[in-house]
Amino acid sequence: MTDPQGAGVTVLGLGAMGSALATTLLDAGHAVTVWNRTSARAVDLSARGAQAASSIGAAVAANPLIVACLLDHASVHETLDPVIAGMRGSTLVNLTTTTPNEARELATWAAGHGVDHLDGAIMATPPMIGTPEASILYSGSRDVFDASRPVLDRWATSTYDGADAGLASLVDLAMLSGMYSMFAGFLHGAAMAGSVGISATEFAARATPFLSAMTDGFEHFAGVIDGGDYAVPGQQSLDFSDLSHIVRASEEQGVRPTTIAAVQELISEQIADGHGAEGFARIYESLRAERTAKTGQTHQDDNSDELEVAR
Ligand code: FVH
């Protein structure tokens, strides 16, 4: 494996994020080679001291550490397939957003060509790169993660999630799933409030402290799920958590109830299965039902494979 501490870095992909990654490395004094499918995007970085490679082949040959930050999984293959045979002995850190299985596929493919691989999932916007508030999750080769820290830590707080190359993507997408569901819930509430003339700004001012306080519930739900007893005393039962009045109220106001109706559907499913006396966390079982059906694995089985997390 190469030593990224003393080596330069090649950055493939100069969109908003790739440019921010390259700029941060240049500002920190690294020798940076850049390549982009549309070469005009390299002009500003060249003016800042980057070497603009004339071809993808020249780009991957320039440095032992190659960072890809392209649009998606398909674009990574489109870019690297023609040159991978010449990359033996190099290190590829892929920061392109992919699914967990796409990350695993890339790891296997890279290993098959003698390329060390680390997958990364960026939890930041381009202006945050280079600040401690930015977070990048990594998974795959621990050796690559450790050896590349002098470069990786320029960009963000680096977290290693484990040897399975799909883990960084999985944790990233799980977090984003929670975030978007929460945002959609807020927007549904804003639409309900808006139906009587309450502005979204006013609704946000009232909802923010309420919803922020509600995140304390995560720890409680997590304890119930990991404890494996959804009937633990002291919880509001699913029978008592019927949300059909919210669905009806939404419809009465002419607002689509899609988001809240989805939650009600999960509640109804668990009640129909005889779990009405159990707590709200029980709907976790409906959400994971497809996986259980496919693998027969229980949540307790899942917990035996704990994520390896190192900061
Ligand atoms: N920007 C953000 O806030 C998010 C934060 C979380 C992580 N994402 C992921 O980062 C990847 C790159 O995102 P980006 O913001 O840099 O994206 P764009 O500005 O759209 O640039 C896309 C680059 O990909 C190149 N590209 C697209 N298709 C191909 C292809 N078939 N072959 C080679 N390169 C390709 C594109 O090149 P060009 O259009 O300029 O020629 C850009 O360099 C992404 O996975 C986010 O999900 C960012």
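A residue is called buried when its relative accessible area is under 20%, exposed when that value is over 50%, and partly exposed in between, using a 1.4 Å probe and the protein chains only. By that rule Asp 153, at 38% relative accessibility, is partly exposed.

Please keep in mind that this model is predicted: local features need pLDDT of at least 70, side-chain atom pairs count only at pLDDT 80 or more, and totals for chains, interfaces and linings use all residues. Residue numbers start from 1 along each chain as its sequence is written, and side-chain values use heavy atoms, with hydrogens and water left out.

**View 1. Eight strands make an open sheet.**
The 8 strands follow the order E3-E2-E1-E4-E5-E6-E7-E8, and their pairing is mixed. Strand E3 (51–52) and E8 are the edge strands with a single partner each, so one side of each has no neighbour in the sheet. Helices (H or I, at least four residues) and strands (E, at least two) are DSSP runs, numbered from the N terminus. Two strands are said to pair if DSSP finds at least two bridges between them. In the sheet, strand E4 (residues 65–68) pairs with E5 in the parallel sense, over 4 bridges. To find this pairing, look for Leu 65, whose bridge partner in E5 is Thr 91.

**View 2. Strand E6 and its two partners.**
How many of the 8 residues in strand E6 are buried? The strand, residues 116–123, is mostly covered, with 6 of them buried. With strand E5 (residues 91–94), E6 pairs in the parallel sense over 4 bridges, and here Val 93 stands opposite Leu 118. With strand E7 (residues 135–140), E6 runs antiparallel, joined by 6 bridges. On that side, Asp 119 stands opposite Ser 139. In a regular strand the side chains alternate between the two faces of the sheet.

**View 3. A right-handed β-α-β unit.**
Follow the chain from E5 through helix H5 (residues 100–112) to E6, and you have traced a right-handed β-α-β unit. A crossover is right-handed if, with the strands pointing away from the viewer, the path from the first strand over the helix to the second runs clockwise.

Which of the 22 residues around the ligand come nearest? They are Met 17, Asn 36, Thr 38, Arg 41 and Thr 97; a residue is near a molecule if one of its heavy atoms lies within 4 Å of it. Polar contacts are pairs of N or O atoms within 3.5 Å; within protein, one atom must be able to donate a hydrogen and the other to accept it, and residues adjacent in sequence count only if both atoms are side-chain atoms. A polar side-chain atom of Thr 97 lies 2.8 Å from an oxygen atom of the ligand. A backbone N or O atom of Gly 15 is 3.2 Å from a ligand oxygen atom, while an N or O atom in the side chain of Glu 78 is 3.2 Å from a ligand nitrogen atom. Taken alone, the ligand exposes 910 Å², and the protein buries 77% of that. These areas come from the Shrake-Rupley method with a 1.4 Å probe; for residues, only the protein chains shown count as cover.

**View 4. Salt bridges between side chains.**
A salt bridge is a side-chain nitrogen of Lys or Arg within 4 Å of a carboxyl oxygen of Asp or Glu, and the count comes to 7. In one of them, Asp 164 meets Arg 104 at 2.8 Å, N to O. Asp 164 lies in the loop between strand E8 (157–160) and helix H7 (167–194) and Arg 104 in helix H5, so this pair ties together parts that are 60 residues apart in sequence. Asp 164 is partly exposed at 31%, and Arg 104 is partly exposed at 30%. Another salt bridge joins Asp 153 and Arg 149, with the closest N and O atoms 3.0 Å apart. Both residues lie in helix H6 (residues 142–155), 4 residues apart, which is about one turn of the helix. Arg 149, at 22%, counts as partly exposed. Glu 285 and Arg 288 also form a salt bridge, at 3.8 Å, and here both residues are buried.

**View 5. Gln 235 in its loop.**
Gln 235 sits in the loop between helix H9 (217–227) and helix H10 (244–252). Its side chain makes a polar contact of 3.5 Å with the side chain of His 220 and reaches the backbone oxygen of Val 232 at 2.9 Å.
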